[in-house]
Amino acid sequence: MTSASAGPTYLVIANQIEDRIRKGELKPGDRTPSTRQITRDWGVAMATATKVLAELRSRGAILTRSGAGSVVAGHPSFRQASPAPPARARSGRGGTGAVTRARVIESAIAIADAEGVAAVSLRRIAVNLNVSTMSLYRSIANKDDLLVGMMDTLMGEEAWPATPPPGWRAQLEYIAHRQWRGYQGHPWLAQIVSLTRPQLAPNAMRHTEWALRAIDGYGLDATTRLYIVLTLFGHVRGAATGLESEQQAERDTGIDIEEWMRVHDARFAPVIQSGRFPHLAKLDNNADVDFDLETLFEFGLTRLLDGFAALIRLRSAAARGGGGHG
C-alpha cells in the first residue's frame, strides 16, 4: 500500500500517515498529527481529519492514551518483530500488567473509537487485556460505571489554559469549541453524555464550573446561569450526535457527504422542482448552502451567544438600576 492509493480523501491521508509510521518517522508513543494539524497540512475539513484518526485507530496504527491524546501504537506488522508470549489462562491472575481502572477505560475507548460504543463490553475488554471478565469488576462496577469513566477521561483529555480568555463570551466560546473537538475526536461520545441526569464525573463537572464562572456577576440568578450552560452544552452535543452516523455512513458507502449529495442530486431534483416545495426550490440552486456539521455548529453557537448577550445586557442593566454593561 502506498501513500498514493486512490480512494476517499481521508483514506489517502491515513495511508500517508501510516507510511510515515512504517518508515519510522513516527515512532511508537509519538503524538500523531492532531485534527487541527491535519486540516492545516492537508487543507481538509475538520470532519475529514476526524475520519483520518478514526481510520488509523481501526487499523491499530494509533491508540488513545489518557492525558496524551492519540499516539502511535505501531502497525500490526511491526509487532511481529518479536514472538508473541504464550497465551495464558484467563483467570483472575491472567494477562500481563495490572488490571487497573485506567487500563480498562483506555481499552474501552480504543474499542469505541475503532468500532463504535455499541461494540464496548466488559467481555470484549477482557479478551483484549487477556484477563477474565470477572477480574474487571475489581475496578469497574458495571457497564454504566465504565461509560461514565470513558466520558470523564475524555472530558479531561485536554489541558486547561492557565488564564481564561477575557470576557464571558470568549470563555463560553472556548468551552463550546473544546467540547466540539472532543466529540469530533470521538464521535460516539455524544451518545453517553447526559444533560438531564447529572453524572459523577469530576472532569466533566469542571466544564460546568468553567461556564458558570464565566457568566457570574452579570445580574443573572443561579437558575438562569445553569439554564444558559445547559443550553450551550446541549447545542454542542446536539450538533455532535450527527458525527458518528456520518462517519459510519462514509465507512459503509466509501463516499463523503459532498459526493453523496452529488450522487443523489438527480433523484432530488424532480421532487424539489415539482412545485410542491417552493421554498426548498429556492435553495436548490444556492451554492452557498453547506450541510457540513461544523458549519451548522458554528452558526448555532454564534446565534446562541448573541441571545445570551442580549439577556446579560438586560439583567445587568436591571441589577445596576439602568444603563448597559460594558
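The expected span of a helix is 1.5 Å times one less than its number of residues. The model shown in these views is predicted.

**View 1. Helix α4 and the residue that follows.** Helix α4 covers residues 101-115, 15 residues in total. From first C-alpha to last, α4 reaches 21 Å, close to the 21 Å expected at 1.5 Å a residue. Its buried residues are V104, I105, S107, A108, I109, I111, A112, D113 and A114. Just after α4, G116 has a positive phi of about 100°.

**View 2. The largest nonpolar core.** This core has 56 residues, and the members touching the most others are I125, L146, M150, W168, L172, Y183 and W188. At least two core residues come from each of α4, α5 (122-129), α6 (143-155), α7, α8 (202-214), α9 (222-253) and α12 (293-320). Helix α9 gives the largest share, 8 residues.

View 3. Neighbours within four places in sequence aside, L146 is in contact with V104, I105, A108, V120, L122, I125 and I140.

**View 4. R178 in helix α7.** Helix α7 spans residues 168-185 and contains R178. R178 is buried and has no salt bridge. The nearest side chain of opposite charge, E158, is 4.4 Å away, whereas a salt bridge requires a side-chain nitrogen of Lys or Arg within 4 Å of a carboxyl oxygen of Asp or Glu. The R178 side chain does reach the backbone oxygen of A159, at 3.4 Å. Not counting residues up to four places away in sequence, R178 touches M155, E158, A159, W160 and H207.

Methods:
Residues are numbered from 1 along each chain as its sequence is written. This is a predicted model: local features need pLDDT of at least 70, side-chain atom pairs count only at pLDDT 80 or more; totals for chains, interfaces and linings use all residues. Side-chain values use heavy atoms; hydrogens and water are left out. Helices (H or I, at least four residues) and strands (E, at least two) are DSSP runs, numbered from the N terminus. Buried means under 20% relative accessible area, exposed over 50%, partly exposed in between (1.4 Å probe, protein chains only). Lys and Arg count as positive and Asp and Glu as negative; His and the chain ends are not counted. A polar contact is a pair of N or O atoms within 3.5 Å; within protein, one must be able to donate a hydrogen and the other to accept it, and residues adjacent in sequence count only if both atoms are side-chain atoms. Contact means heavy atoms within 4.5 Å. A nonpolar core is a set of buried Ala, Val, Leu, Ile, Met, Phe, Trp, Tyr and Cys residues joined through side-chain atoms within 4.5 Å.
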